[in-house]
Amino acid sequence: MELHLEKLVKDFAEVRALDTGDLTIQDGKLTGLLGPSGCGKSTLLYLISGLQSPTSGRIFFGDRDVTLLPPEKRGIGLVFQNYALYPHMTVEQNIAFPLVNQKVKKEEIRERTEEMAKLVQIGDLLKRKPSQLSGGQQQRVAIARALVKQPEILLLDEPLSNLDARLRLEMREEIRRIQIETGVTTVFVTHDQEEAMSITDEIVLMKKGIVQQQCAPQEMYLNPGNQFVASFLGNPPISYFRFPVQDGCLQISDTCHLPLSLRHEGAVVTGIRPEAWRKGDGLAVQVQAVEQHGKDNQITFQLAGTKARALLDVTEPVRVGDTVSLTLDPRFVYFFDEATGTRLYGEAGQ
């Protein structure tokens, strides 16, 4: 089911919490609503679900205008951050609860409940109470309960935030598996860029209620539309510098100048991701700190009075105090307007 939001606005008192413009979420895909706390992503989810009403604008599920419909008539499944399981009910009763409310026949309830329990891999836990389950198992029950209604759209509100690191990794993989197997259009709210990057088909990145960019995760990372997008995605984060542009070259240092296909004179805000740096003849820097990140060593050094980071192959040892020579991969170098943060399109070359 395709989801379309038409100029959706939500105001709280005199504060505009959300202003989406026109936004479409693709049928059968897993879309992540990503952004910092307070950016409006949960508000947007509650508007889609019907738990809150928009100040203006309309919400369409396919061709159906659901803007004024209550949640129970929208055909959604909703999983909250705290799971909201009924503690006095068994796993089986929790999953079946929506169908009981809909007065579905007992035999169908049993069949659909068992089918959902099998899908989320808790078929052997049906007689237990929520207090007898781990956090990951409770999350699976909540997802099964949301899916048993056969919703057109599944909404997940920060569903992994209460889990420890290992369970977060396990459950995000499970959410992806379940979404692929069911094919249900899914909207996943998270503030964690790694979660969004790892399992979604598309990311909607938000800031102060406004959509900054919407595209596939890899596309957003490689081609950020503005400085906020470039800053939000990436770990270790991107570093920024003000380098002069003179005679068509980016003046990185007295001895390091890069040709630049950018019509600009004066200083330009330059974003360089840590993976842009490579060992090679070019800029000589002194290593101030070294951290191991799996297959990479992250080194820290000073460049133009600013702390910079580079990710280098862990098999090429480097120590604090060493002087190393670095070159740049232009695919991970970006330019931005200093006043607005808008992306300036140009490429630095060797």
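A cavity is taken here, on a 1 Å grid over the protein atoms alone, as a set of points where a 1.4 Å probe fits but cannot get out, and its lining residues have an atom within 4 Å of a point. The model is predicted: local features need pLDDT of at least 70 and side-chain atom pairs count only at pLDDT 80 or more, whereas totals for chains, interfaces and linings use all residues. Residues are numbered from 1 along each chain as its sequence is written, and side-chain values use heavy atoms, with hydrogens and water left out.

The largest cavity holds about 50 Å³ of space. Its lining consists of Ile143, Leu154, Leu156, Ile175, Ile178, Gln179 and Thr186. Two or more of the lining residues come from each of β8 (153–157) and α5 (165–182), helices (H or I, at least four residues) and strands (E, at least two) being DSSP runs numbered from the N terminus. Helix α5 contributes the most, with 3 residues. By class, the lining comprises 5 nonpolar, 2 polar and no charged residues; Ala, Val, Leu, Ile, Met, Phe, Trp, Tyr, Cys and Pro count as nonpolar, Asp, Glu, Lys and Arg as charged, and the others, Gly among them, as polar.

The second largest cavity has a volume of about 30 Å³. Among the residues that line it are Glu158, Arg168, His191 and Asp192, and its lining divides into 2 nonpolar, 3 polar and 4 charged residues.

The aromatic contacts come next. Rings of Phe, Tyr and Trp (its six-membered ring) pair if their centres lie within 6.5 Å; planes under 30 degrees apart count as stacked, over 60 as edge-to-face and the rest as tilted. This rule gives 5 aromatic pairs. One of them, tyrosine 86 with phenylalanine 97, is tilted, at 4.8 Å centre to centre and 55 degrees between the planes. Tyrosine 86 lies in the loop between β7 (76–79) and α2 (91–101), and phenylalanine 97, 11 residues apart from it, in helix α2.

Tyrosine 240 and phenylalanine 336 form an edge-to-face pair because their planes stand at 70 degrees, with the ring centres 6.0 Å apart. Tyrosine 240 belongs to strand β12 (residues 239–246) and phenylalanine 336 to strand β21 (residues 333–336), so the pair ties together parts 96 residues apart in sequence.

Conventions:
On a 1 Å grid over the protein atoms alone, a cavity is a set of points where a 1.4 Å probe fits but cannot get out, and a pocket is an open set with protein on both sides within 12 Å along at least five of seven lines; lining residues have an atom within 4 Å of a point. Grid points are joined across faces, edges and corners, and a volume is the space filled by probe spheres set on the points.
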